[in-house]
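This briefing is intended for a reader meeting the structure for the first time. Please keep the sequence and the model at hand while reading the points below.

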Amino acid sequence: MSGRDGIGMTSERTRLRMIEALRADKIVDERVLGAMTEIPRHLFVDEGIASRVYEFNTALPIGHGQTISAPIIVALMTQLLLEKTPMSKVLEIGTGCGYQTAVLARLVKEVYTLERIAPLMDKARGHLRDLRFYNVRYKHADGHEGYAEAAPYDGILMAASATHVPEALKQQLAVGGRMVLPVGTGQQFLYVIDRDEQGFTQNKVAGVSFVPLLPGLA
């Protein structure tokens with residue numbers, strides 16, 4: 001692995017260029033941009049592809065058929081999640097390599113993150129431990145079911161595309177809370193779902209491309 005500060009295409013200068021590209025592409029939440037400035041994204045991928053990790057619109061493989069989402073997607077989903085109200089407890093579906101987890105953990109008090117692929121979860125835990133994130137709780141679990149034991153959540157963010165919005169997740173969202181997730185099999189769209197005293201409202205935001213949310217454990 002490259003060092004935390006990075007060199008060449010993983011240097012802080014390259015990271016700052018990514019931030020400027022995000023800012024130019026409608027990412028306006030300085031909290032999100034600040035978190036992504038601080039977190040060394042190159043430490044979350046294999047060294048062989050680290051030179052591409054700060055390309056703002058590029059997703060990269062992390063093994064097991066999974067990807068690290070492009071920086072613009074991480075930034076957009078985080079901005080959407082946090083734009084409405086401050087959040088103290090968030091559920092993430094799909095830990096992956098742990099980069100999105102780290103961004104969330106920088107911005108909210110407590111993050112519960114679910115991953116169905118055990119080796120990925122173990123690797124993500126190592127990345128986040130090395131970077132001294134201690135406010136993350138890891139669960140080897142099927143994302144469709146959420147994690148009812150710690151519900152309700154102020155926010156839920158899903159990093160894989162579901163065929164539909166899982167009912168279990170809606171019920172684990174606090175009143176006043178927000179969920180951001182991709183939905184679809186062929187054509188996928190990013191949705192924002194808000195819960196209030198009257199029920200749920202759902203808004204389609206943008207076309208996206210994610211790996212599918214699969215059932216069961218691996």
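This is a predicted model: local features need pLDDT of at least 70, side-chain atom pairs count only at pLDDT 80 or more; totals for chains, interfaces and linings use all residues.

Ala 70 counts as buried because its relative accessibility is 5%, under the 20% limit used for that class. Ala 70 is placed in the loop that runs between strand 2 and helix 3.

- Leaving aside neighbours within four places in sequence, Ala 70 is in contact with Arg 41, Phe 56, Asn 57, Thr 58 and Ala 59.

**The largest cavity**

- Empty space of this kind is found by rolling a probe the size of a water molecule over the atoms.
- The structure holds one cavity of 30 Å³ or more, and the volume of the largest cavity is about 330 Å³.
- The lining of the largest cavity is made up of 30 residues.
- Nearest the centre of this cavity lie Gly 94, Thr 95, Gly 96, Glu 115 and Ala 159.
- At least two lining residues come from each of strand 2 (66–68), helix 3 (71–82), strand 3 (89–93), helix 4 (99–107) and strand 4 (110–115).
- The lining of the largest cavity divides into 17 nonpolar, 10 polar and three charged residues.

**Thr 95**

- Thr 95 has its place in the loop between strand 3 and helix 4.
- Is Thr 95 buried or exposed? Thr 95 counts as buried, because its relative accessibility is 3%.
- Not counting residues up to four places away in sequence, Thr 95 touches Thr 101, Thr 113, Leu 114, Glu 115 and Ala 124.

**Helix 5**

- Helix 5 spans residues 118–130 and has 13 residues.
- From its first C-alpha to its last, helix 5 reaches 19 Å, close to the 18 Å expected at 1.5 Å a residue.
- Leu 120, Met 121, Ala 124, Gly 126, His 127 and Leu 128 are the buried residues of helix 5.
- Against which elements do the buried residues of helix 5 pack? They pack against strand 1 (60–63), strand 2, helix 4, strand 4 and strand 5 (136–140).
- Arg 132, which follows helix 5, has a positive phi, near 65 degrees.

**Salt bridges**

- Side chains of opposite charge can pair when their charged atoms come close.
- The count of salt bridges in the model comes to nine.
- One of them joins the side chains of Glu 38 and Arg 106, at 2.9 Å from N to O.
- This pair links distant parts of the chain, with Glu 38 in helix 2 (residues 30–38) and Arg 106 in helix 4, 68 residues apart.
- Glu 38 is partly exposed, with a relative accessible area of 42%, and Arg 106 is likewise partly exposed, at 37% relative accessibility.
- Within helix 5, Arg 125 and Asp 122 lie three residues apart, about one turn of the helix.
- Arg 125 forms a salt bridge with Asp 122, with 3.2 Å between the closest N and O atoms.
- Arg 125 is partly exposed at 28% relative accessibility, and Asp 122 is partly exposed with a relative accessible area of 44%.
- Arg 178 forms a salt bridge with Asp 194, the closest N and O atoms being 2.7 Å apart.
- Here too distant parts of the chain are linked: Arg 178 belongs to strand 7 (residues 173–183) and Asp 194 to strand 8 (residues 188–196), 16 residues apart.
- Both Arg 178 and Asp 194 are buried.
- Through salt bridges that share partners, Glu 83, Lys 84, Arg 178 and Asp 194 are joined into one network.

How values were computed. Residues are numbered from 1 along each chain as its sequence is written. Side-chain values use heavy atoms; hydrogens and water are left out. On a 1 Å grid over the protein atoms alone, a cavity is a set of points where a 1.4 Å probe fits but cannot get out, and a pocket is an open set with protein on both sides within 12 Å along at least five of seven lines; lining residues have an atom within 4 Å of a point. Grid points are joined across faces, edges and corners, and a volume is the space filled by probe spheres set on the points. Helices (H or I, at least four residues) and strands (E, at least two) are DSSP runs, numbered from the N terminus. Ala, Val, Leu, Ile, Met, Phe, Trp, Tyr, Cys and Pro count as nonpolar, Asp, Glu, Lys and Arg as charged, and the others, Gly among them, as polar. The expected span of a helix is 1.5 Å times one less than its number of residues. Buried means under 20% relative accessible area, exposed over 50%, partly exposed in between (1.4 Å probe, protein chains only). Contact means heavy atoms within 4.5 Å. A salt bridge is a side-chain nitrogen of Lys or Arg within 4 Å of a carboxyl oxygen of Asp or Glu.
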